[in-house]
Amino acid sequence: MAHMSQLSYGEIMEAPLRDLSEPLIDHEEGQLFLNEAFNIIVEEVLCKGTDVKHKVCEWKEPDELALLLDLELREAGEPQDRLLHRVRDVAKYSIKTSHPRFFNQQFAGVDYHSLAGRFLTEALNTNLFTYEVAPVFVLMEGEVLRALRQLVGWTEGDGIFCPGGSTSNMYAMNLARYRLFPQIKSQGLWSLPRLAIFTSPESHYSVKKGAAFLGVGTDNVILVKVDNGGRMIPEDLDEKIELSKSQGAVPFLVSCTSGTTVQGAFDPLDRIADVCDKHKLWMHVDAAWGGSVLFSKTHKHLMKGVERANSVAWNPHKMLVAGLQCSALLLKDTTNLLKQCHSTNASYLFQQDKFYDVNLDIGDKSVQCSRKVDCLKLWLMWKAVGSTGLEQRVDKAFLHVRYLVEQMKKRPGFQLLSMPEFVNVCFWFIPPCLRGKEGNADYQNRLAKVAPIIKERMMKQGTMMVGYQPLGNKVNFFRVTVFSPLVSQKDMDFFLDEIERLGNDL
């Protein structure tokens, strides 16, 4: 018989049907595999991966790792025992981001209620666009967004969960532009004047990416001066807006930051709101990192004035440990701007003669069609510990930072960039060979090499992970972010001891 690819369509349709009495997937075999794979995940990721007696990572060079994982995909499938070995290898050689000594990024630790929500989300495998396929989650997302908006200070509004804070920031830009120039949706960029966005040099890089993606252009992202702590200076913002107008541009958005990525700085929102009101500009607050301070009665003052913003981006997968990804865009708008800006009224999804309230079909608010359920993990965690429990997590993170800074001041070689405003601690480690030599011509060049070497050593030994970077004219320094609910004082002490152990012989 000729190969199927050589047959005509008619011949294929006339060919004998294969046996259709049984499904292709054996449920009993599949569920057995799932149970055994789940046990491996619990053992390797949730037991060993959170135990300080085990490593944060098993470092391998790329060629060796590719060989160990046997990444090639083949024609024939593999037996179950080999697949379970694959599952264990993936877990073994992945970075243990839930480990108490993973300080590398603004996601760390694990919340088990949230994790249960993530497992349930994956098992249900639905798309959050219509009430008919996601009735539970349409209602749940609406309630979670309402509760988050209430913390911002809004009794009404709108919002949506986005695939990351970068996307939330881009949504805000698109909405701000559409509000000012609604013809952009149908007529495109040719119908617009030259636009301008204002942000600080310490804002997230997604502001520039968004400007490029939306056709505003990175040259039209105007950087506003910051003070020594990395906070936007409102007076310079006002001057730059006036200058931009005099040069023929049309300012349309100011993107503030609550919790900058490196220093953890909070822009002065109230004073920036005054400038935005004066010039009638959309005020967006990128609170992806710092938004969770709104749970804390002690620390929410850092975002004083946030209720005056038009939009807020907030990532509960960061400080609240809701798990990747969990990113909300919150809007003060009550005119359905989100839907007006993005809807295309696809009739095969959003029929207007459905038997239920079609306003529950929220998919046309999104630029996506397929959209994961990201609200369940946060909802289940919030239900479990309450607002009080989340407040305690925020407050505990600040206490850990205070302890860490106090201990740094007692040890030679640790030099802070500045006193932290948030839970980012930025510092240089000065090895003994460089102490007292700050005046030497090669001091900065030599200091710049310290953090990369220590980072390489800790990664290859697998003891912990912490990030480093330069900033402006400041050479490489470490940035440790402390917020995981699994972290204890012992981990803070270990962190300092390990930096010294890895760097004292340089």
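His-113 is found in helix 5. The model is predicted. With 39% relative accessibility, His-113 counts as partly exposed. The structure holds 36 salt bridges, and an open sheet of 5 strands runs in the order 1-11-12-10-9.

**Around His-113**
- His-113 touches Leu-380, Met-381 and Ala-384, leaving aside residues up to four places away in sequence.
- His-113 and Trp-379 are 266 residues apart in sequence, but their C-alpha atoms are 9.3 Å apart in space.
- Helix 5 (112–124) also packs against buried residues of helix 2, as does helix 4 (80–93).

**Helix 2**
- Helix 2 covers residues 27–47, 21 residues in total.
- From first C-alpha to last, helix 2 reaches 28 Å, close to the 30 Å expected at 1.5 Å a residue.
- Its buried residues are Ala-37, Ile-40, Glu-44 and Leu-46.
- Asp-26 caps the N-terminal end of helix 2, with a side-chain oxygen 3.0 Å from the backbone nitrogen of Glu-28.

**Helix 10**
- Helix 10 (residues 234–246) has 13 residues and should span 18 Å at 1.5 Å a residue. Its end C-alpha atoms are 19 Å apart, which agrees.
- Pro-234, Asp-236, Leu-237, Asp-238, Ile-241 and Ser-244 are the buried residues of helix 10.
- The cover over these buried residues includes strand 3 (195–199), strand 5 (250–257) and helix 11 (269–279).

- Strand 1 (102–103) and strand 9 (414–416) stand at the edges. Each has a single partner strand, so one side of each is left without a neighbour in the sheet.
- Strand 10 (residues 424–429) pairs with strand 12 (residues 474–481) in the antiparallel sense, over 4 bridges.
- Phe-427 stands opposite Phe-478 in strand 12.

**A buried lysine**
- Lys-455 is found in helix 15 (residues 450–461).
- Lys-455 is buried yet has no salt bridge. The nearest side chain of opposite charge, Glu-456, is 11 Å away.
- A polar atom of the Lys-455 side chain lies 3.1 Å from the backbone oxygen of Val-466.
- Lys-455 touches Asn-104, Val-466, Gly-467 and Tyr-468, not counting residues up to four places away in sequence.

**Salt bridges**
- Arg-101 and Asp-491 meet through their side chains in a salt bridge, at 3.1 Å from N to O. Arg-101 lies in the loop between helix 4 and strand 1, and Asp-491 in helix 16 (residues 489–503), so the pair ties together parts 390 residues apart in sequence. Both Arg-101 and Asp-491 are buried.
- Glu-141 forms a salt bridge with Arg-371, with the closest N and O atoms 3.0 Å apart. The pair links distant parts of the chain, 230 residues apart: Glu-141 sits in helix 6 (residues 135–152), Arg-371 in the loop between helix 12 (337–342) and helix 13 (375–410). Both Glu-141 and Arg-371 are buried.
- Asp-497 forms a salt bridge with Arg-411, the closest N and O atoms being 2.7 Å apart. Asp-497 is in helix 16 and Arg-411 in the loop between helix 13 and strand 9, 86 residues apart. Arg-411 is buried, with a relative accessible area of 19%, whereas Asp-497 counts as partly exposed at 40% relative accessibility.
- A network of salt bridges links Asp-70, Glu-72, Arg-74, Glu-78 and Arg-86.

Definitions and conventions:
Residues numbered from 1 in each chain as written. Predicted model: local features only at pLDDT ≥ 70, side-chain atom pairs only at ≥ 80, totals over all residues. Heavy atoms only, no water. Helix = DSSP H or I, 4+ residues; strand = E, 2+ residues; numbered from the N terminus. Expected span 1.5 Å × (residues − 1). Buried < 20%, exposed > 50% of the residue type's maximum accessible area, 1.4 Å probe, protein only. Contact = heavy atoms within 4.5 Å. Polar contact = N/O pair within 3.5 Å; in protein donor to acceptor, adjacent residues only side chain to side chain. Lys, Arg positive; Asp, Glu negative; His and termini not counted. Salt bridge = Lys/Arg side-chain N within 4 Å of Asp/Glu carboxyl O. Pairing = 2+ DSSP bridges.
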